[in-house]
Amino acid sequence: MTSTRTSPMSAKASRRLLALGLGVTFAALGSAVPASAQSTGSAAPVAGYTGSAQEAANNKAFFEAVLNSVAEKQAANPGLRSVTVYYNATQAPNFRSQISSAASIWNSSVSNVKLQSTSGSGDFSYYEGNDSRGSYASTNGHGRGYIFLDYAQNRQYDSVRVAAHETGHVLGLPDHYSGPCSELMSGGGPGTSCTNRYPNSTERARVNQLWANGLAKALDKLNKVG
């Protein structure tokens, strides 16, 4: 539930994007560790949910980064016959239950890709802390990324919904703030009273479609960059 940020970006554009809601922060350069994960200050309420074309592009960028990571694993293990996306939640200890629930929700909702916890190097990681932009998903543009879970926002909104929504970006879904509560990717648009944690039939079908040929897509991407 946050802003979208690209690099490079003007100070004016950056300030404007701070008002956005649930979304993906795309850092083209730099490490995939949020500085705000170490913050101890209080976070201000997130201001509204508007979305943007850039945000949609960044959502797609995160999905592509995960696909690149899957391609690397496929190259190292040619015998793999299913798509598994590995996540590391050790840096978000206060949200382990919510993250586990979010993974279970997605694993019971789709069939062509599965989420699995690891304590080692995953395709993405979860972090926690304070950030005035709220929770967000981010990629460093090099096949790795993270989901940041903001303390204040997770007290305002259903915490499992927040985790499941952000994880939806990892699986390829964009934000749709104007959607009803029944849409998981409507995020904070319906307000704090919305507690739906599950993707609807359209969202489930879209994820299954995106990952239907996940291994083939991964190999194709690997061949293009190899």
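Predicted model: local features only at pLDDT ≥ 70, side-chain atom pairs only at ≥ 80, totals over all residues.
Residues are numbered from 1 along each chain as its sequence is written, and side-chain values use heavy atoms, without hydrogens and water.

**Helix pair**

I noted an angle of about 55° between helix 3 (residues 96-109) and helix 5 (residues 159-170), with axes 8 Å apart. The axes are lines fitted to C-alpha atoms over the stretch in contact, with angles from 0 to 180 degrees between N-to-C directions. The crossing is right-handed. I then listed the contact (heavy atoms within 4.5 Å). Helix 3 gives Gln98, Ser101, Ala102, Ile105 and Trp106. Helix 5 gives Ser159, Val160, Ala163, Ala164, Thr167 and Gly168. I sorted these residues into six nonpolar, five polar and no charged.

**Strand 6**

Next I checked strand 6 (residues 145-150), where six of six residues are buried, meaning under 20% relative accessible area with a 1.4 Å probe. Gly145, Ile147 and Leu149 point one way, and Tyr146, Phe148 and Asp150 the other.

Which strands pair with strand 6? I found strand 4 (residues 124-129) parallel to strand 6, with five bridges. Strand 5 (residues 136-139) runs antiparallel to strand 6, with four bridges. Pairing needs at least two DSSP bridges. Tyr146 is the bridge partner of Ser125 and also of Ser138.

How values were computed:
Helix = DSSP H or I, 4+ residues; strand = E, 2+ residues; numbered from the N terminus. Left-handed = near helix turned anticlockwise from the far one by under 90°. Nonpolar A, V, L, I, M, F, W, Y, C, P; charged D, E, K, R; others polar. Buried < 20%, exposed > 50% of the residue type's maximum accessible area, 1.4 Å probe, protein only.
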